[in-house]
Amino acid sequence: MNRRTIIARVSKGRADGRQSSKMLKPALALLLLAALLLGAPGALAGTAAVPEYGLAVNFPPSLDLFTRNMAENDPLLSLYGRQAADVSQELRSAGLYARAYDIAGEFTLDLAVTGGGGDAIESMDEAALAALAAQLGGGQYERFQAMRGSGLMVYMSDGRGLTCLLRANGTQLELRLRAGSRVTSRMAELARGIAASVDLGAGQ
């Protein structure tokens with residue numbers, strides 16, 4: 001469930017509440033809370049910490065970010081009806097450090113970091129890059145400039161996802177985007193921007 005869906009449901013509750021004065025005040029209060037959260041998304045922008053590798057991955061305010069170490073009083077948990085412990089367990093079970101939801105509900109972003117990443121992207125020839133892209137489930141790919149060397153963005157074969165891959169100092173970072181429809185240039189630029197801002201060697 002994304003923020004627009006939540007606000008739509010609250011708005012419906014507000015309309016129904018007009019039939020009863022007892023329901024009006026709670027509905028208005030919920031609507032105000034949801035509107036504030038959507039209208040000021042910067043307050044919910046965040047950073048996913050990856051302490052095992054000394055990394056910090058910053059996400060823009062257009063995304064709702066869930067991480068392994070969320071505080072119990074994080075407003076996103078209340079907004080989505082989740083518990084911090086459950087979110088942490090789900091992410092760990094999936095091998096993820098974070099999952100971010102587009103506030104419009106168009107896509108999600110998953111963050112995974114592992115050791116022993118293999119050859120650096122900038123040292124690989126086109127044949128090796130094509131093989132790596134196929135291994136990631138995609139076909140079309142492009143390099144991009146990262147804070148340390150190059151990154152690789154691979155578009156999934158079904159057109160509804162992409163993966164941004166970074167490798168440096170024995171560490172591999174994957175940022176996986178899955179969309180409800182075809183990936184747009186806006187989605188690709190956002191994912192690439194997040195990945196390019198990560199200093200993969202900061203904690204080494």
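Modeller: Here is a walk through some aromatic pairs, the cores, a helix and a hairpin.

Modeller: Keep in mind that this is a predicted model.

Colleague: Is F66 buried or exposed? And Y101, buried or partly exposed?

Modeller: F66 is buried, at 4% relative accessible area. Y101 has 26%, so it counts as partly exposed, given that buried means under 20%.

Colleague: Which ring does R68 lie over?

Modeller: That would be Y97: R68 lies over its face, 3.9 Å from the ring centre.

Colleague: Switching topic: how many residues are in the largest nonpolar core?

Modeller: It has 36 residues, and those with the most contacts inside it are F59, L109, L111, L162, L173, L175 and L177. Helix 6 (residues 185-196) gives the most to this core, with six residues.

Colleague: What does L111 touch?

Modeller: Leaving out residues up to four places away in sequence, its contacts include A48, V50, V57, F59, L96 and Y97. L173, E174 and L175 are also among them.

Colleague: Which residues are in the second core?

Modeller: That one is separate and has eleven residues, including L79, Y80, A84 and L96. A84 is in helix 4 (residues 84-93) and is buried, with a relative accessible area of 6%. Apart from neighbours within four places in sequence, A84 is in contact with M70, A71, E72 and L77.

Colleague: How far is A84 from F66?

Modeller: Their C-alpha atoms are separated by 8.8 Å, and the two residues are 18 apart along the chain.

Colleague: Now helix 5. Which residues are buried there?

Modeller: L129, L132 and A133 are the buried ones in helix 5 (residues 126-135). They cover an arc of only 100° around the axis, which means they are on the same side of helix 5. A127 and Q135, on the other side, are exposed.

Colleague: What covers the buried residues of helix 5?

Modeller: The cover includes strand 6 (138-145), strand 7 (150-156) and strand 8 (161-168). Helix 5 is followed by G137, which has a positive phi, near 95°.

Colleague: Last one: how do strand 1 and strand 2 run?

Modeller: They run antiparallel, with five bridges joining strand 1 (residues 46-50) to strand 2. A49 stands opposite A56 in strand 2. The two strands form a hairpin with four residues between them, and G54 in the turn has a positive phi of about 65°.

Colleague: And which residues of strand 2 are on its covered face?

Modeller: L55, V57 and F59 make up the covered face of strand 2 (residues 55-59), while A56 and N58 are on the uncovered one. In a regular strand, side chains alternate between the two faces of the sheet.

Note on methods. Residues numbered from 1 in each chain as written. Predicted model: local features only at pLDDT ≥ 70, side-chain atom pairs only at ≥ 80, totals over all residues. Heavy atoms only, no water. Buried < 20%, exposed > 50% of the residue type's maximum accessible area, 1.4 Å probe, protein only. Arc of directions from axis to C-beta. Contact = heavy atoms within 4.5 Å. Lys NZ or Arg CZ within 6 Å of the ring centre and 35° of its normal. Core = buried A, V, L, I, M, F, W, Y, C linked by side-chain atoms within 4.5 Å. Pairing = 2+ DSSP bridges.
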